[in-house]
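Trainee: I am new to this structure and would appreciate a guided tour. May we start with how helices are compared?
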Amino acid sequence: MPGLLLGDEAPNFEADTTQGRIRFHDFLGDSWGILFSHPRDFTPVCTTELGRAAKLAPEFRKRNVKMIALSIDTVSDHLAWSKDINAYNGDEPTEKLPFPVIADAKRDLSIQLGMLDPDERDKEGLPLTARVVFIFGPDKKLKLSILYPATTGRNFDEILRVVDSLQLTAKSKVATPVDWKVNIYRATTQCCRAALGVEKDSS
Ligand code: BEZ
């Protein structure tokens with residue numbers, strides 16, 4: 001069955017992107033990674049999402065997370081659309097985004113990764129990409145996946161929040177409670193630490 005489950009290793013695919021051809025494992029290196037798909041270039045919700053992702057790129061960089069987007073359009077579409085995204089952000093309308101965008105025009109990768117939305121189709125009746133988020137750890141294993149339909153935009157602040165939780169729980173034996181954020185709810189994190197059998201907060 002196509003798709004990825006928690007703990008699966010990221011496939012080491014090759015792809016054309018707005019920043020040249022990549023091999024995924026080389027792209028990730030020793031970093032954390034986020035691969036996020038969107039349905040189509042030049043569409044309103046996708047423009048707001050990639051605009052927000054571009055604005056938050058310094059936050060992902062601070063957390064050592066490499067970002068990469070994907071849709072079923074071509075590199076030249078992605079580059080032309082990047083100008084709209086930058087303009088939407090109030091920035092100079094250049095073709096440069098702070099992360100590469102994969103061109104999956106033949107949908108090979110979207111099929112392999114289980115990223116298609118059966119309910120949203122193009123003029124030819126072919127499915128568009130859903131709004132998938134895959135977060136990989138430095139070991140290249142899948143740590144989190146979120147799957148939204150094409151018609152629902154994501155919350156990138158929530159994605160940063162889960163990165164913080166994933167990175168914390170990777171290094172300390174804790175679990176983060178409802179609505180947890182870094183430096184807030186320290187007491188409740190302490191309570192979840194106790195539930196996991198760790199008595200003292202040594203961090
Ligand atoms: C959008 O980005 O606006 C969009 C894309 C596909 C389906 C619905 C909305």
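Predicted model: local features only at pLDDT ≥ 70, side-chain atom pairs only at ≥ 80, totals over all residues.

Trainee: How do α2 and α5 cross, and how are they oriented to each other?
Mentor: The axes of α2 and α5 come within 10 Å, with a crossing angle of roughly 30°. The two helices, α2 and α5, are therefore roughly parallel to each other. The crossing in which α2 passes α5 is right-handed.

Trainee: Which residues meet there, in α2 and in α5?
Mentor: From α2 come Glu49, Arg52, Ala53, Leu56, Glu59 and Phe60, and they meet Phe156, Asp157, Ile159, Leu160 and Val163 in α5. By class, this contact of α2 with α5 has 7 nonpolar and 4 charged residues, and no polar ones.

Trainee: And what about α2 with α3: at what angle do their axes cross?
Mentor: Helix α2, residues 44-62, and helix α3, residues 75-88, have axes that cross at roughly 70° and come within 9 Å. An angle of 65 to 115 degrees counts as roughly perpendicular, and α2 and α3 are therefore roughly perpendicular to each other. Here too there is a handedness to note: α2 passes α3 in a right-handed crossing.

Trainee: Which residues make that contact between α2 and α3?
Mentor: On the α2 side they are Cys46, Thr47, Thr48, Leu50 and Gly51, and on the α3 side Trp81, Asp84, Ile85 and Tyr88. The residues of this contact of α2 with α3 divide into 5 nonpolar, 3 polar and 1 charged.

Trainee: Let us turn to Cys46. What annotation covers it?
Mentor: An unreviewed UniProt entry carries the annotation "active site" for Cys46. Cysteine 46 is found in helix α2.

Trainee: Is cysteine 46 buried or exposed?
Mentor: Cysteine 46 has a relative accessible area of 0%. Buried means under 20%, so cysteine 46 is buried.

Trainee: What does cysteine 46 touch, not counting residues up to four places away in sequence?
Mentor: Cysteine 46 touches His38, Pro39, Arg40, Trp81 and Arg131, with those sequence neighbours left out.

Trainee: Where does asparagine 155 lie?
Mentor: Asparagine 155 is in the loop between β9, residues 142-148, and α5, residues 156-171. At 41% relative accessibility, asparagine 155 counts as partly exposed. Its C-alpha atom is separated by 8.2 Å from that of glutamate 49, which is 106 residues apart from asparagine 155 along the chain.

Trainee: Finally, how many helices and strands does the chain have?
Mentor: The secondary structure comes to 6 helices and 9 strands. Of the 203 residues in the chain, 47% are buried. Among contacts between residues at least 6 apart in sequence, 62% join residues at least 24 apart.

Key:
Residues numbered from 1 in each chain as written. Heavy atoms only, no water. Axes fitted to C-alpha atoms, helices over the stretch in contact; angles between N-to-C directions. Helix = DSSP H or I, 4+ residues; strand = E, 2+ residues; numbered from the N terminus. Parallel < 35°, antiparallel > 145°, perpendicular 65-115°, else oblique. Left-handed = near helix turned anticlockwise from the far one by under 90°. Contact = heavy atoms within 4.5 Å. Nonpolar A, V, L, I, M, F, W, Y, C, P; charged D, E, K, R; others polar. UniProt positions renumbered as here; feature names shortened; annotations may be inferred. Buried < 20%, exposed > 50% of the residue type's maximum accessible area, 1.4 Å probe, protein only.
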